[in-house]
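Reader: I am new to this structure and would like to learn how to read it. Please take one feature at a time.

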Amino acid sequence: MDAPAIELKGITKTFGHIIANENVNITVNRGEILSILGENGSGKTTLMNMIAGIYFPDEGHIFIDGKEVAISSPKDALDLKIGMIHQHFKLVDVFDATENIVLGITDGKYDVKASAKKIKETCDKYGFEIDLNKKIYEMSVSEKQTVEIVKVLYRGADILILDEPTAVLTPQETQKLFNVLRKMKEDGKSIIIITHKLNEVLEISDRVSVLRKGKYIGTIETAEANESILTEMMVGEKVSLDIERSEPENSVDRLIVKGVDYYNREGVQVLKDVSFTAKSGEILGIAGIAGSGQRELLEAIAGLLKVSGGDILYNNPKTEQTESLKDKTPMQIRNLGVRLSFVPEDRLGMGLVGNMDIIDNMMLRSYRGGKGAFLHRKQPKELADRIIKDLQVVTPDAKTPVRRLSGGNVQKVLVGREISSSPTVLMAAYPVRGLDINSSYIIYNLLNEQKEKGVAVIFVGEDLDVLIDLCDKILVICGGRVTGLVDAREAKKEEIGLLMTKGHTNGGDSDE
């Protein structure tokens, strides 16, 4: 029997007092797709980064094709034909696809025709669709991911590691990626996927290896697994995977968006005549391909962007008056008594300050100026401690800088802080992106609790199954326009996927 493509024996990695991986043993065979599952902070990415040469193990051994190797840099990994496609792409925006693919493997001079021919051969072989002359900044997320995959294949990789490859892809784009991965598997490539989407794990993988709190729990044949089995392996106990959607009660119009237009700094129209109503006691989902205007829409409502047309109206339950939020700053919106909370897509860019600890990040939401040189930290500390406990944030303590937390734990801190402000409108952009299954359901339950308290919840999501199960209505956006409003209880995933990509305008449906 041939030796495994990769064999990890007794791999241990620590960062100070934190044990990221402890005595991990995993094998990956040739011509196999292996999924790596685990909760946030379970050590998945750390383990893969050691194979990719970003980290070096403190203990243990790595074997490639039966031969022990030392991988001390990404170049070492590439020399061993290992390539990793990271969750956050490492591309130069002002370069085109070809330039990014060949970047770093020439001395600055390269044969454009020869390179383009070789790249096209790779694309044709595996079924990639990409414009090699297109600039990265002009590309969709799916196109950028394709460039990353072609880049490592061009460099000769036959062991590929993909970190959350479907995080921001539509169902159709995900299926295209899976078709490519199957062709690569048939060609003898070994593929490792880090993901949190259990339905995709069951669809694409041959085997699944599970980590929990840095330790290897076991490997199971996908044919013998289901979502409940995998979740129990990850968490250590049975977890309910049902989203209990309650019926809205006494809903009233809380936020009314009327014909909103927005042009960005380059003069490109990002939002085009967007209209919808968010009702109290309901969850309104927003679906769309990444970059369709979801972020700009929420930022406009929050007062972070100035719209060029239309209006944003808020029905204030305290004054029973309708207030226009158009052209108002976030502070002016707050001074009107509008209790609006916003969980942005960019966690550390807009939501939290990475170098500040969890306590200080709580204060960002509540501090509005005061007298004296000292700030009171008692209430923010109590809030930080409560969020850490209730949302199971993995951190040494509340004084830990947020940048030291895993992406999922950063998200928990941000969501917890926004919900704690008792909003009447809660907007959340991809609040479970990067979260494990258990943490995701904690967030879903929190959003449902807000709904039952009468909050108007706007939920921008990327998992259509979740949007259908969690939301009351789903607004679909394509290219900055509303292309449909569907009842989530009756919606079909394929129907939403078509509205996300084909841009069929659906008349008055957008103005509920």
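**Reading a cavity and a helix pair**

Author: This is a predicted model. Start with the second largest cavity, whose lining is made up of Thr 277, Ala 278, Lys 279, Glu 282, Ile 283, Leu 284, Val 457, Asp 472 and Lys 473.

Reader: Which elements give two or more residues to that lining?

Author: They are strand S12, residues 269-279, and strand S13, residues 283-287. S12 supplies the largest share, with three residues.

Reader: How many of the lining residues are nonpolar, polar and charged?

Author: Four are nonpolar, one is polar and four are charged.

Reader: How much space lies in this cavity, and how many cavities of 30 Å³ or more are found in the whole structure?

Author: The second largest cavity holds about 50 Å³ of space. The search of the whole structure gives four cavities of 30 Å³ or more.

Reader: Now the helices. At what angle do H4 and H5 pack?

Author: For a pair of helices, read the angle together with the distance between axes. Helix H4 (residues 112-126) packs with helix H5 (residues 141-154) at about 110°, and their axes are 10 Å apart. Angles of 65 to 115 degrees count as roughly perpendicular, so H4 is roughly perpendicular to H5.

Reader: Is the crossing of H4 and H5 left-handed or right-handed?

Author: The crossing of these two helices is right-handed.

Reader: Which residues meet there?

Author: From H4 come Ser 115, Lys 118, Ile 119, Thr 122, Cys 123 and Tyr 126, and they meet Val 150, Leu 153 and Tyr 154 of H5. In this contact of H4 with H5, six residues are nonpolar, two are polar and one is charged.

Technical notes
Residues are numbered from 1 along each chain as its sequence is written. This is a predicted model: local features need pLDDT of at least 70, side-chain atom pairs count only at pLDDT 80 or more; totals for chains, interfaces and linings use all residues. Side-chain values use heavy atoms; hydrogens and water are left out. On a 1 Å grid over the protein atoms alone, a cavity is a set of points where a 1.4 Å probe fits but cannot get out, and a pocket is an open set with protein on both sides within 12 Å along at least five of seven lines; lining residues have an atom within 4 Å of a point. Grid points are joined across faces, edges and corners, and a volume is the space filled by probe spheres set on the points. Helices (H or I, at least four residues) and strands (E, at least two) are DSSP runs, numbered from the N terminus. Ala, Val, Leu, Ile, Met, Phe, Trp, Tyr, Cys and Pro count as nonpolar, Asp, Glu, Lys and Arg as charged, and the others, Gly among them, as polar. Axes are lines fitted to C-alpha atoms, for helices over the stretch in contact, and angles run from 0 to 180 degrees between N-to-C directions. Angles under 35 degrees count as roughly parallel, over 145 as roughly antiparallel, 65 to 115 as roughly perpendicular and the rest as oblique. A crossing is left-handed if the near helix is turned anticlockwise from the far one by less than a right angle, and right-handed if clockwise. Contact means heavy atoms within 4.5 Å.
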